[in-house]
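Welcome! Take a look at the sequence and the 3D view below, and then let's walk through a few features together.

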Amino acid sequence: MAGVERAVVRIRVFTPLLRVHGELRVREMWSLGGDSHPAYQAELKFDRLRYRMLPYIYTLAGEATHHAGTIMRPLVMDFAADSAARDLTDEYMFGPAFLVAPITAYKARSRSVYLPKSEGWYDFWTGKAVAAGTRVDAAAPYDAIPVYVKAGSIVPFGPELQYTGEKPADPLTLYVYAGANGAFTLYEDQGATYDYEKGAFSRIPIQWAEASGTLTIGKRQGGFPEMPKERTIQVVLCSKDKPTGFRFEPAPAKSAHYTGEAVVLKLR
């Protein structure tokens, strides 16, 4: 059962709410056989990933709150014109960027994944480009599940955290997936009060221009007292010619000191 529970944790990282608890037996990570046990290491990897994804996830939550957006949705909502995607019930989108294909068969180490028609896809773990409108035999090793990122996506990641409010998202790392124009608006607020209901929040528009290879980090809109007035923004570019999978210690192509004014970065 430990293997099943760890698989559930990996899936729940790509859901709006992540909880691991129960009452029938202990479920703490340190009860899984020690630091060197594969189950512990797999859960640690995904816990770390969840915290690093908070800028992306919190933005999705802000869209759900302010604009009735959706965080987790069936493929038909994003790919209504793709008849093959409309009927799929075992894959889903997590925000506009991620396609998640859960592993539901015990001890399965691969599964078939359909990638809907679009400008293209990238394997999140390896950065390898994959053609759209095709089925692939996706690897599902013990410590991962199949996750793909749509071309044109801009995904923000924060620093290493031990708990949600430990420190601001500085440095902020933007993974840019080439192959199509893209846009993402980073949402931030105080995080622990209802002051956002009174307008205490900020948005930073970010745009990727495929033809020119230019990333524009726009002027910050709005604000709140606790927001970081300045920060370092790192950019990692993933393209067909330069596959770049997610790394906890990325090698950014460019870096900028952001003070709230627009910054333009030439990435190629």
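Which residues of the largest nonpolar core touch the most other members? They are Phe 14, Leu 49 and Phe 98, in a core of 54 residues.

## About the model

This is a predicted model, where local features need pLDDT of at least 70, side-chain atom pairs count only at pLDDT 80 or more, and totals for chains, interfaces and linings use all residues. Residues are numbered from 1 along each chain as its sequence is written, and side-chain values use heavy atoms, leaving out hydrogens and water.

## Two cores

A nonpolar core is a set of buried Ala, Val, Leu, Ile, Met, Phe, Trp, Tyr and Cys residues joined through side-chain atoms within 4.5 Å. Buried means under 20% relative accessible area (1.4 Å probe, protein chains only).

## A buried arginine

Arg 52 lies in helix H2 (residues 38–52); helices here are DSSP runs of H or I with at least four residues, strands are E runs of at least two, and both are numbered from the N terminus. Arg 52 counts as buried because its relative accessible area is 8%. Its contacts beyond four places in sequence include Pro 156, Phe 157, Glu 160 and Phe 248.

## Helix H3

The buried residues of H3 are Pro 55, Tyr 56, Ile 57, Thr 59, Leu 60 and Gly 62. What covers them includes H2 and strands S2 (92–94) and S9 (154–157). After H3 comes Ala 68, with a positive phi near 55°.

Conventions: Buried means under 20% relative accessible area, exposed over 50%, partly exposed in between (1.4 Å probe, protein chains only). Contact means heavy atoms within 4.5 Å.
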